[in-house]
Structures are given as C-alpha cells and as structure tokens.
Amino acid sequence: MIGFYDYTVFLTYLSMLSATCGIILCLNDIGHPFVGMLFLMFCGLCDAFDGKVARTKKNRTEQMKKFGIQIDSLSDLVAFGVLPACIGIAMLRSSIEFLNFPDFKLFQIAEKSAVIKVVLTVIAVFYALAAMIRLAFFNVLEDERQQKEGGCNKTYLGLPVTTSALIFPTILLIHIFCNANLTLLYFLFLIIVGVLFISDVQFKKPSTKGVLLMIIIGLVEAAALAFVFIVMKKQ
C-alpha cells in the first residue's frame with residue numbers, strides 16, 4: 001500500500017476528513033453553514049499541531065518529509081480553500097430562524113436575482129483558486145529554501161490560508177448575535193482574504209503565545225457556534 005501511515009501524518013489526515021465532511025454537510029439537502037464552520041475550526045486546530053507532531057520524529061526520511069509537505073498543502077487547500085467557499089454557498093442556500101432572534105434570517109438565494117447568484121458564486125470560486133495558487137507557489141518556494149537555508153521563516157509572504165479558520169467563524173458569529181444579515185460581508189471577506197493570499201504583503205509569524213491565543217479564540221468561537229446551533233435551536 002502506497003503512502004505513509006505513522007503518527008506524524010495522523011493530524012493532517014484527520015483535517016482532510018474533517019474538511020470533506022464539512023463540505024458534504026454544507027452542500028447536501030440539510031446543508032448548514034454552522035456545521036461547516038465547526039468542521040473548519042477543527043481543521044484549524046489540527047493544523048496548529050500537525051507540524052509540531054511531525055517534527056518529533058527525528059528519523060524521518062526525505063521521502064517522508066516531502067510527503068508530509070505535499071499532503072499538508074493538499075489538505076489545506078480542501079480545508080481552508082474549498083470549505084470556506086462552500087460555507088458561503090450554504091449561507092446562500094439556507095434559511096434559519098431561531099425563536100430567540102425572531103427577526104433573524106439568513107440571506108436566501110431563492111429571493112435574489114440570477115446575476116447576484118452568479119457573482120457570489122464567482123467570488124467563492126476565486127477564493128478557492130487564490131488558496132490553490134498560494135499553496136502551490138509556496139510548495140515550490142519552500143522546497144528550494146529548505147535545500148539552501150533550512151530552518152523556518154520568521155515572516156509570511158501574503159496571508160496564510162489557515163487564518164480562514166478564525167476570520168470566517170468570527171463573521172458568522174457577528175452575523176448571528178448582532179441579528180444582522182452579513183452574508184454579503186462574508187463574500188466581501190472572501191475577496192479580501194483571497195487577494196491577501198496571493199499578495200506580497202509581509203506578515204509576522206506568531207510566537208508560541210500567539211498561536212496559543214489563536215487556539216483559545218478558536219475554541220471560544222467553536223463553543224459559541226455549538227451553543228447557537230444545538231441549544232438555541234431547541235428552544
């Protein structure tokens with residue numbers, strides 16, 4: 001059987017499975033953006049630790065290292081490129097009301113013109129394309145850099161795709177708790193974030209404390225979304 005199946009790739013495989021489940025649940029007949037967002041944040045949690053876990057194995061071969069880099073990028077494309085785009089489409093398709101928010105209603109695709117539907121779909125596709133370009137570019141760049149320098153970079157060129165695991169859940173939470181229709185804002189951020197993916201703007205790499213803070217924020221957002229989706233829907 002081809003491939004590698006030790007503990008160093010477990011979190012990457014788990015992230016890929018999570019992203020695939022999120023996409024399927026977003027786009028089927030019971031599609032729900034909240035569910036997709038929970039899967040997105042779980043992918044972000046896996047990504048926060050997969051590299052650290054892989055580096056604990058000191059006797060990795062060059063094949064194992066290169067395999068890890070490739071599957072990490074492929075998983076990131078699905079998790080942070082395709083899944084956020086599918087969540088946006090799910091927001092267009094869904095209509096969700098809660099008794100606690102009697103006036104709250106998601107933007108319904110059926111109520112909008114074909115032109116708006118096409119434009120928003122194109123935005124979602126652009127976002128996924130930008131994520132793919134970024135990941136492919138840095139696969140090549142990282143391979144060349146490792147051969148010449150080794151070690152890790154201290155800055156990012158352009159916005160890392162994994163930031164989508166914090167950005168888009170925040171928008172959805174504001175969408176819910178402000179009782180406001182922010183679906184178009186979600187798609188606006190798809191454009192902004194997509195452009196930042198392929199920009200040459202420098203972003204400083206977060207420290208260990210910064211990573212832990214982002215993980216805590218993500219867990220709080222996940223708990224809030226779970227509360228809204230599970231508890232409030234039953235009331």
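Predicted model: local features only at pLDDT ≥ 70, side-chain atom pairs only at ≥ 80, totals over all residues.
I began with helix 1 and listed its buried residues: Leu11, Thr12, Ser15, Ser18, Ala19, Gly22, Ile23 and Cys26. I then checked where they sit around the axis, and they cover an arc of only 135°, which puts them on the same side of helix 1. What do they face? I found that the buried residues of helix 1 pack against helix 2 and helix 3.

I picked Ser18, which lies in helix 1. Is Ser18 buried or exposed? Its relative accessibility is 5%, so Ser18 counts as buried. I skipped everything up to four places away in sequence and looked at what Ser18 touches: Phe39, Phe42 and Cys43. I also looked up Ala79, which is 61 residues from Ser18 along the chain, and their C-alpha atoms are separated by 7.8 Å.

**Stepping back to the whole chain**

Going along the sequence, I wrote the order down as α-α-α-α-β-α-α-β-α. The chain has 235 residues, and buried ones make up 40% of them.

**Helix lengths**

Helix 6 has 15 residues and should span 21 Å; I found its end C-alpha atoms 21 Å apart, which agrees. For helix 2, residues 33-55, the 23 residues should span 33 Å, and the end C-alpha atoms come out 34 Å apart, which agrees too. I still noted a kink of about 30° in helix 2, centred on Phe49.

**Helix 6, the buried side**

Which residues of helix 6 are buried? I listed Thr183, Tyr186, Phe187, Leu190, Val193, Gly194 and Phe197. They cover an arc of only 125° around the axis, so they are on the same side of helix 6. I reminded myself that an α-helix has 3.6 residues a turn, so residues three or four places apart point the same way.

**The nonpolar core**

I looked up the largest nonpolar core, and it has 40 residues. Those with the most contacts inside it are Met37, Ile87, Phe168, Tyr186, Phe187, Leu190 and Phe197. Where do the core residues come from? Helix 1, helix 2, helix 3, helix 4, helix 5, helix 6 and helix 7 each supply at least two. Helix 3 gives the largest share, 10 residues.

Leaving out neighbours within four places in sequence, I found Ile87 in contact with Cys26, Pro33, Gly36, Met37, Leu40 and Tyr186. Cys26 was already on my list of buried residues in helix 1, and Tyr186 on the one for helix 6.

**Salt bridges**

How many salt bridges are there? I counted 1. Lys65 forms it with Glu62, and the closest N and O atoms are 3.8 Å apart, where the cut-off is 4 Å. The two are 3 residues apart in helix 3, residues 62-93, so about one helical turn separates Lys65 and Glu62. I checked the accessibility of Lys65 as well: at 34%, Lys65 counts as partly exposed.

Terms used. Residues numbered from 1 in each chain as written. Heavy atoms only, no water. Helix = DSSP H or I, 4+ residues; strand = E, 2+ residues; numbered from the N terminus. Expected span 1.5 Å × (residues − 1). Bend = angle between axes of the 7 residues up to and from the residue. Salt bridge = Lys/Arg side-chain N within 4 Å of Asp/Glu carboxyl O. Buried < 20%, exposed > 50% of the residue type's maximum accessible area, 1.4 Å probe, protein only. Core = buried A, V, L, I, M, F, W, Y, C linked by side-chain atoms within 4.5 Å. Contact = heavy atoms within 4.5 Å. Arc of directions from axis to C-beta.
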